[in-house]
Amino acid sequence: MIKFKNKGSFKVAPDKQFLAWIKKTLPDYPRIFDYGCGYGGWTNLISSLKCSKVDVDDVDDAALNFTKNLLGQRYEKEELQDVNYIILFAVLELFDEDGQKDILKKMKDKMKGDKRFIIQYNLYHLFSIRWILMGIRSWGSAKHYHERHKFNRSYLNYKQVESLFNEVGLKVEDWYAPTLFRGLKVSSRIVKNKLFLALSFTI
């Protein structure tokens, strides 16, 4: 198990278009489980979009307790039953491919009803802007630098990530790519960087 500790809380401020996309992915009566919630910025925002009940987990006890307090009455003190919406943001790529499949299978077992995932995944592409800059900073050893400073242990491109999801019975229904350069309207999907993916069960 890789422990990733954030040394402070963080706030998220997505644009209106992204908020609308997130809301579209939510079921009518969300019962949310955020695995790897950190300090709860995304948990708090997503669960506030519709009347929700929420359960959370994180390896960092301080972050976990902070998030529980932040959520207030939305936090389900008893283990939440009938989970239908799971958040996995910047979690899967901390593990190798077998570890990612294991997490997804365990999360599926928690779910009932209209089952949906929302996943943020940082994709690997050697010639994307992110990885070019990482290569410059690391004097050509981008992966080694990233493992040392950014905690990634997985380097999959979009097709490989989609194939991994399919192997555990998940289908990508939609995706959202934040805009890198707002004036130029350059999507991070074009440079194969960060994606938010909405998934549903196939089996």
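## Lys110 and its partner

Lys110 counts as partly exposed because its relative accessibility is 24%, where partly exposed covers the range between buried (under 20% relative accessible area) and exposed (over 50%), judged with a 1.4 Å probe and protein chains only. The side chain of Lys110 meets that of Glu79 in a salt bridge, at 3.4 Å from N to O; the term stands for a side-chain nitrogen of Lys or Arg within 4 Å of a carboxyl oxygen of Asp or Glu. This pair links distant parts of the chain, 31 residues apart, with Glu79 in the loop between helix H3 (61–71) and strand S3 (83–89) and Lys110 in the loop between helix H4 (97–109) and strand S4 (111–122). Helices (H or I, at least four residues) and strands (E, at least two) are DSSP runs, numbered from the N terminus. Glu79, with a relative accessibility of 54%, counts as exposed.

The model is a predicted one, in which local features need pLDDT of at least 70 and side-chain atom pairs count only at pLDDT 80 or more, while totals for chains, interfaces and linings use all residues. Residues are numbered from 1 along each chain as its sequence is written, and side-chain values use heavy atoms, with hydrogens and water left out.

## Other salt bridges

In the whole structure, a search finds 5 salt bridges. Another of them joins the side chains of Lys112 and Asp82, at 3.9 Å from N to O. Because Lys112 lies in strand S4 and Asp82 in the loop between H3 and S3, this pair ties together parts that are 30 residues apart in sequence. Asp82 is partly exposed, at 39% relative accessibility.

A further salt bridge is formed by the side chains of Glu167 and Lys101, at 2.7 Å from N to O. Glu167 belongs to helix H7 (residues 158–167) and Lys101 to helix H4, so the pair connects parts that are 66 residues apart in sequence. Glu167 is exposed, at 52% relative accessibility, whereas Lys101 is buried, with a relative accessible area of 18%.

## Helix H1 and the whole chain

Helix H1 (residues 16–25) has Phe18, Trp21, Ile22 and Thr25 as its buried residues. Seen down the axis of H1, these fall within an arc of 100°, taken from the directions from the helix axis to the C-beta atoms, so they line one face of the helix. Lys16 and Lys24, on the other side of H1, are exposed.

The chain as a whole has 7 helices and 8 strands, and buried residues make up 47% of its 203 residues.
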